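Please look through the sequence and the model shown below. The briefing that follows goes through it topic by topic.

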Amino acid sequence: MKFTAQQIAGILEGEVIGNPETEVFKLSKIEEGFEGSLTFLANPKYTSFIYKTEASITIVNKTFKPENELKTTLIKVDDAYMAFSKILEYYNSVKLNKVGIEQPSFISESAKYGENVYIGAFSYIGDNVVLGDNVKIFPNSYIGDNAVLGDNTIIFSGAKLYSETIVGKSCVINSGAIIGADGFGFAPNEDGGYTKVPQIGNVILEDYVDVGACTTIDRATLGSTIVREGVKLDNQIQIAHNVEIGKNTVIAAQTGIAGSTHIGEHCQIGGQVGIAGHITIGNNVKIQAQSGIARHVKDNEILQGSPALAISDYNKSYVHFKNLPKIVKNINDLEKINGNS
């Protein structure tokens with residue numbers, strides 16, 4: 001699909017400097033630009049590349065004034081970075097704008113779906129499923145019985161939504177994600193074995209939630225595991241049964257959250273964080289990567305370490321961690337002196 005400079009300027013409300021009929025069909029970095037590509041210049045550190053880029057069109061700030069001859073057509077906008085982000089979003093929406101039902105696929109007779117839906121080949125849509133308008137379900141996906149998906153939600157290839165899962169509008173669930181599998185519930189027996197505890201709750205994702213590839217969110221034992229509006233989950237995260245995550249919280253890859261823990265709003269949680277079960281983490285909390293959280297956390301705390309400390313205490317302690325061998329040697333030397341005196 002090709003776009004002219006004039007068309008792009010119309011989308012961005014920008015001004016074309018050069019040939020308005022210049023066409024592009026792909027996006028590129030400015031230092032890797034090639035004929036037919038669209039790029040942008042926002043960081044002054046990359047200014048030198050604009051004079052040698054092969055990109056056909058470059059988005060720049062209105063304040064940009066070339067000091068040498070340019071081969072590229074310019075589109076001047078208020079904020080080049082935000083404008084390029086808008087183009088990325090537009091490009092993605094065009095690329096993903098599939099409509100229709102591919103075959104072979106299975107759709108239960110009791111399922112209901114709105115307008116402009118896309119259901120890819122080899123997908124399964126169970127009994128009483130409800131799909132809103134503009135829902136996109138890419139091939140090899142599974143939507144279990146009684147699941148509900150809101151308008152404009154996208155399910156990428158190979159994702160699995162178990163029965164009773166509820167997903168809000170404008171959510172994105174990436175490939176390999178599993179939503180609604182049984183929580184880790186086992187009761188020990190007298191003989192040393194374990195008996196499975198039935199998990200009969202569900203998972204609720206509110207509006208504008210993103211779920212990364214191969215992330216798993218377990219159904220509740222009773223009630224619901226809940227991911228609130230605007231939450232962004234990276235790849236390979238484990239969220240256990242009956243967890244609740246507050247709105248606009250972001251969590252990086254390989255974090256694990258044990259059962260019945262409540263996480264507040266607007267939190268930022270780094271990669272490989274481990275969070276124990278049955279605790280409460282407040283609002284606006286920041287947890288550094290590879291930290292271990294085993295206690296309740298108040299609003300606005302910043303934590304690091306395992307077990308996690310307040311970040312100021314961690315940084316003070318780390319000075320001593322680095323010098324620990326020297327400190328131990330000094331203590332041993334003092335004990336020898338005291339022992340010989």
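Phe 122 is found in the loop between strand S11 (118–119) and strand S12 (124–125), where helices (H or I, at least four residues) and strands (E, at least two) are DSSP runs numbered from the N terminus. The model is a predicted one, in which local features need pLDDT of at least 70 and side-chain atom pairs count only at pLDDT 80 or more, while totals for chains, interfaces and linings use all residues. Residues are numbered from 1 along each chain as its sequence is written, and side-chain values use heavy atoms, with hydrogens and water left out.

**Loops and backbone**

- Although Phe 122 is not a glycine, its phi is positive, at about 65°, and with a relative accessibility of 57% Phe 122 counts as exposed (buried means under 20% relative accessible area, exposed over 50%, and partly exposed in between, with a 1.4 Å probe and protein chains only).
- Ser 260, in the loop between strand S32 (256–257) and strand S33 (262–263), is a residue other than glycine that has a positive phi, near 65°, and Ser 260 is partly exposed, with a relative accessible area of 22%.
- The peptide bond that leads from Gln 103 to Pro 104 is cis, with omega near 5°, and Pro 104 has its place in the loop between S8 and S9.

**Helix H1**

- Helix H1 covers residues 5–12, and its residues Ala 5, Ile 8, Ala 9 and Leu 12 are buried.
- Seen down the axis of H1, these buried residues fall within an arc of 100°, so they line one face of the helix; the arc is that of the directions from the helix axis to the C-beta atoms.
- An α-helix has 3.6 residues a turn, so residues three or four places apart point the same way.
- Glu 13 follows H1 and has a positive phi, near 55°.

**Sheets**

- Ten strands form an open sheet with parallel pairing, in the order S9-S12-S15-S18-S21-S26-S29-S32-S35-S38, where two strands pair if DSSP finds at least two bridges between them.
- The edge strands of this sheet are strand S9 (106–107) and strand S38 (292–293), each of which pairs on one side only.
- Another open sheet, of twelve strands and with mixed pairing, has the order S8-S11-S14-S17-S20-S25-S28-S31-S34-S37-S39-S40, and its edge strands, each pairing on one side only, are strand S8 (100–101) and strand S40 (308–310).
- Strand S28 (residues 232–233) and strand S31 (residues 250–251) pair in the parallel sense over two bridges, with Val 250 in S31 as the bridge partner of Lys 232.
- Strand S24 (residues 202–205) pairs in the parallel sense with strand S19 (residues 166–167) over two bridges, and four bridges join S24 to strand S27 (residues 224–227), which also runs parallel.
- Leu 205 in S24 is the bridge partner of Val 167, and Leu 205 also stands opposite Val 227 in S27.

**Pocket and cavity**

- On a 1 Å grid over the protein atoms alone, a cavity is a set of points where a 1.4 Å probe fits but cannot get out, a pocket is an open set with protein on both sides within 12 Å along at least five of seven lines, and lining residues have an atom within 4 Å of a point.
- The largest pocket holds about 370 Å³ of space and is lined by 13 residues, of which Asn 92, Ser 93, Leu 96, Asn 152 and Ile 154 lie nearest its centre.
- Helix H2 (residues 80–95) gives the most to the lining of this pocket, with three residues.
- One cavity of 30 Å³ or more is counted, and about 140 Å³ of space lies in the largest cavity.
- The lining of the largest cavity includes Met 1, Phe 3, Ile 8, Ile 11, Tyr 90 and Tyr 91, and H2 supplies its largest share, three residues.

**Cysteines**

- The count of disulfides comes to zero, a disulfide being a pair of cysteine sulfur atoms within 2.5 Å.
- The sulfur of Cys 171 is 19 Å from the closest cysteine sulfur, in Cys 214, too far for a bond.
- Cys 171 is buried, with a relative accessible area of 1%, whereas Cys 214, at 43% relative accessibility, counts as partly exposed.

Methods. Grid points are joined across faces, edges and corners, and a volume is the space filled by probe spheres set on the points.
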